[in-house]
Amino acid sequence: MFTLEKRPNPSRFWTVATPVLAVVLTMIAGGIMFAMLGKDPVAAIRTIFWDPLFDPQFASYSRPQLLVKAGPLILIAIGLSLGFRAGIWNIGAEGQYIMGAIFGAAVGLAFYPDEHWFILPLMVLAGAFGGWLWAMIPAILRTRFRTNEILVSLLLVYVAQSILSSMALGALRNPEGGGFPGSRNLSQYPAAANLELVAGTGMHWGVVAAFMAVIAAYVLLQRHILGFHIRLAGQAPRAARFAGVNPDRLVLLCFGVSGALAGLAGLFEVAGPAGQISIDFASGYGFTAIIVAFLGRLNPIGILLAGLLMALTYIGGELAQFMLGLPSAAIQAFQGMLLFFLLAVDLLTNYRIRWAFGRAAG
Amino acid sequence: MHRRSLLTSAAAFGLGLSLATGAFAQMDKVKACFVYVGPINDGGWTQQHHAGATAVAETYGDKVEMVYQENVPEGADAERVLTQMALSGCNIVFATSFGFMDATNAVAAKFPNVMFEHATGYKREHPNVSTYNARFYEGRAVIGTIAGLMTKSNKIGYIASFPIPEVIMGINAAYLAAKKVNPDATMNVIWAYTWYDPAKEADAAKAMIEQGVDVIMQHTDSTAPMAEMAKTPGIIGFGQATDMADYKPTPRVSSIIDNWAPYYIKRVGEMLDGTYTQGDAWEGIAGGEVQIGEITGVPDDVKAAAEAVRDGIAAGTLHPFTGPINKQDGSAWLAEGQTAPDGDLLGMNFYVEGIAGDIPK
């Protein structure tokens with residue numbers, strides 16, 4: 001038999017190696033699943049991981065799309081990771097994402113059809129404000145009334161979705177849309193459009209913001225006293241209090257930052273790739289970002305890579321679906337495996353496996 | 001203002017030009033691609049589109065390669081899926097949900113040689129975008145007739161999805177048909193704000209039954225309302241999108257079945273023989289796109305009355321919206337004998353006179 005022995009410190013080697021091991025294990029288990037579905041496992045894995053990046057037919061389109069898909073995930077996950085490190089659980093990024101989009105789009109639509117240079121910057125501010133505002137509800141309820149921020153932030157997602165439906169059908173509905181739900185298409189309104197900055201690269205302002213957030217978070221956590229407080233609050237709450245960290249202030253700050261970043265992601269999405277406020281605008285980025293945050297070990301660089309990997313499985317998964325006729329449920333199961341293996345092999349970071357033949361336990 | 005109206009007329013001109021030159025060369029093999037918003041076994045909307053796609057593959061055999069992608073979210077993801085399909089060599093792409101509208105038009109601009117067909121939308125911004133829909137309101141008139149004759153409490157329930165013209169049109173058609181055979185019939189609408197959510201739909205059905213509603217129509221896709229109705233004897237309802245035959249003979253007494261196969265077979269056939277042109281199709285009972293499921297569990301005279309409505313619509317002698325009809329606020333809409341123009345129906349945002357309640361804004 002074997003036993004687990006806790007490492008005195010997390011293994012540096014396994015911290016880096018486990019994500020790679022998890023991807024390899026996912027490929028093996030996923031390959032077995034695809035084979036059981038009667039598909040060529042090698043072709044399926046290649047279509048998911050290789051074709052979006054290097055296939056001559058698709059790569060020139062899907063490589064930029066990788067950034068488009070990963071941008072909002074990274075931006076939201078960076079914000080969430082700060083709170084998660086401090087033991088502050090904002091599960092409602094999806095709602096903050098929606099509210100950011102609504103606030104930002106409303107500002108843009110208010111100016112339609114005028115052309116001013118300041119419209120998009122103003123929308124960016126409004127988007128961040130919308131997300132921040134929505135995040136302040138669970139934050140203030142927690143600091144004032146000690147409510148559970150996990151529940152409140154999660155339930156506010158559903159409130160935000162209802163507001164989104166109401167906006168798509170009412171206040172923000174396209175007056176020239178023949179009574180159909182959905183706002184005007186912002187990506188077709190030049191002053192408000194968040195378009196590709198360089199054609200064919202997929203880089204829009206949201207992707208730029210995501211990269212900036214990665215750098216800022218890295219610097220904050222490594223070099224700034226606030227980053228130290230965040231880490232301390234998560235690892236040793238009592239010690240943090242002795243060190244003069246004000247827990248309520250930290251809750252407000254972490255919720256504020258993650259809400260504002262989620263709101264920004266929503267704004268960049270509604271003004272760019274999605275184009276309009278519609279009933280189905282919310283596509284689950286806020287929830288997927290939680291996975292990305294943990295996949296990336298709550299580390300800014302890790303989140304960057306995790307976001308890109310997640311985007312790759314989405315885009316490659318879509319390709320595999322219609323090129324090989326795989327059911328979409330199989331792709332979702334495949335993505336689930338990735339997370340499962342990642343969390344499972346995480347054990348190796350904190351524990352050592354010892355083979356204990358014939359030795360009596362101490 | 002001047003500039004905008006100029007652009008509109010330029011666009012209209014472009015459209016006219018493209019319609020005139022829309023024919024293509026014959027093709028030996030067509031790759032037909034389908035994009036679905038739900039899973040192919042959803043028991044409703046997507047399942048029926050997939051049945052149509054399967055019929056295309058069966059009809060043309062080797063001459064057609066059919067591929068599909070299910071569960072595609074509306075918005076940015078749809079645009080990517082459509083682009084990847086065009087890149088993979090699809091000749092014709094069917095985008096089968098209203099929410100794919102802007103994405104379809106955006107991708108069509110980039111691939112002028114790929115034909116795009118968008119279900120239930122109204123935007124044809126490029127010469128290679130066609131739209132198609134079915135006159136489901138015709139089916140509503142048939143089941144509305146059954147509802148009006150069968151209700152004892154004179155309370156007909158309607159589980160509505162979203163307040164868009166398509167749905168409002170159905171409520172009005174059903175109410176007008178019911179009122180014609182039963183002047184005391186009332187319509188009780190619940191807005192579910194979903195196309196498919198079994199729990200919400202079941203709740204809506206339950207609430208209606210508690211309020212004394214004994215006939216329930218649904219513009220949502222799940223069978224959950226049926227399961228709810230089956231618990232209380234005497235409550236009847238109608239299948240939506242599919243036949244929902246599991247609930248025969250009651251509570252399901254008939255159904256409105258979406259049948260996209262004739263349209264899909266026709267369009268892909270036109271690609272093969274080179275007669276394909278841009279179009280805007282809106283067929284109903286007569287064209288086979290809307291089918292009425294077998295009428296079960298009702299007295300023979302009710303069945304006969306409903307079939308008479310169905311056959312009258314198919315023959316073109318009966319239009320579900322024939323004047324005199326007033327709007328809910330009492331203002332005149334259609335004069336005596338006048339039938340509703342398609343444009344009025346496609347933009348319908350009002351209840352007809354006699355329906356209580358407001359359309360949510």
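**Reading a predicted two-chain model**

Mentor: This is a predicted model. Start with chain A: for its 362 residues, a compact globule would have a radius of gyration near 21 Å, and chain A has 22 Å, which agrees.

Trainee: What does the C-alpha trace of chain A span along its principal axes?

Mentor: About 80 × 60 × 35 Å. Chain A holds 15 helices and two strands.

Trainee: How much of chain A counts as buried?

Mentor: Of its 362 residues, 49%. To count as buried, a residue needs 20 or more other C-beta atoms within 10 Å of its own.

Trainee: In chain A, what share of contacts between residues at least 6 apart in sequence join residues at least 24 apart?

Mentor: The share is 78%.

Trainee: How do you know what span to expect for helix H5 of chain A?

Mentor: Take 1.5 Å times one less than the number of residues. H5(A), residues 93–111, has 19 residues, so the rule gives 27 Å. From first C-alpha to last, H5(A) reaches 28 Å, close to that value.

Trainee: What makes H5(A) mostly covered?

Mentor: Count its buried residues: 16 of 19.

Trainee: Now chain B. Why is Thr104(B) called buried?

Mentor: The cut-off is 20 or more neighbours within 10 Å. Thr104(B) has 29 C-beta neighbours inside 10 Å, so Thr104(B) counts as buried.

Trainee: Where does Thr104(B) lie, and in which helix?

Mentor: In helix H4 of chain B, residues 101–110.

Trainee: Which residues does Thr104(B) touch, leaving out those up to four places away in sequence?

Mentor: Leu82(B), Ala95(B), Phe116(B), His118(B) and Val129(B). The test for contact is C-beta atoms within 7 Å. By contrast, Gly297(B) is 43 Å from Thr104(B), C-alpha to C-alpha, and 193 residues away in sequence.

Trainee: How do you know that strands S3 and S4 of chain B pair?

Mentor: Pairing takes at least two bridges. Strand S3 (residues 92–95) and strand S4 (residues 115–119) of chain B share four bridges, in the parallel sense, so they pass the test. Within S4(B), Phe116(B) is the bridge partner of Val93(B).

Trainee: Which sheet has the order S2-S1-S3-S4-S5-S11?

Mentor: An open sheet of six strands in chain B, with parallel pairing. S2 and strand S11 (280–283) are its edge strands.

Trainee: What makes them edge strands?

Mentor: Each pairs on one side only. From one strand to the next, the twist averages 15°.

Trainee: What is the strand order in the sheet with mixed pairing?

Mentor: S7-S6-S8-S9-S10-S12, again an open sheet of six strands in chain B.

Trainee: Why is one side of S7 and S12 left without a neighbour in the sheet?

Mentor: Strand S7 (186–191) and strand S12 (290–293) of chain B each have a single partner strand, so one side of each stays without a neighbour in the sheet.

Trainee: How many bridges join S6 to S8 in chain B?

Mentor: Four join strand S6 (residues 155–160) to strand S8 (residues 215–218), and the two run parallel. Tyr158(B) stands opposite Met217(B) in S8(B).

Trainee: Last, how many residues are in contact between the chains?

Mentor: In chain B, 31 residues contact 30 residues of chain A. On the side of chain B that touches chain A, H3(B) gives the largest share, eight residues. That side divides into 16 nonpolar, nine polar and six charged residues.

Notes
Residues are numbered from 1 along each chain as its sequence is written. Chains are lettered from A and ligands numbered from 1 in the order in which they are written. This is a predicted model: local features need pLDDT of at least 70, side-chain atom pairs count only at pLDDT 80 or more; totals for chains, interfaces and linings use all residues. Two residues are in contact if their C-beta atoms, placed from the backbone, lie within 7 Å. Ala, Val, Leu, Ile, Met, Phe, Trp, Tyr, Cys and Pro count as nonpolar, Asp, Glu, Lys and Arg as charged, and the others, Gly among them, as polar. Axes are lines fitted to C-alpha atoms, for helices over the stretch in contact, and angles run from 0 to 180 degrees between N-to-C directions. A residue is buried if 20 or more other C-beta atoms lie within 10 Å of its own, exposed if 12 or fewer, and partly exposed in between; C-beta atoms are placed from the backbone. The radius of gyration is taken over C-alpha atoms; the globule rule is 2.2 Å times the number of residues to the power 0.38.
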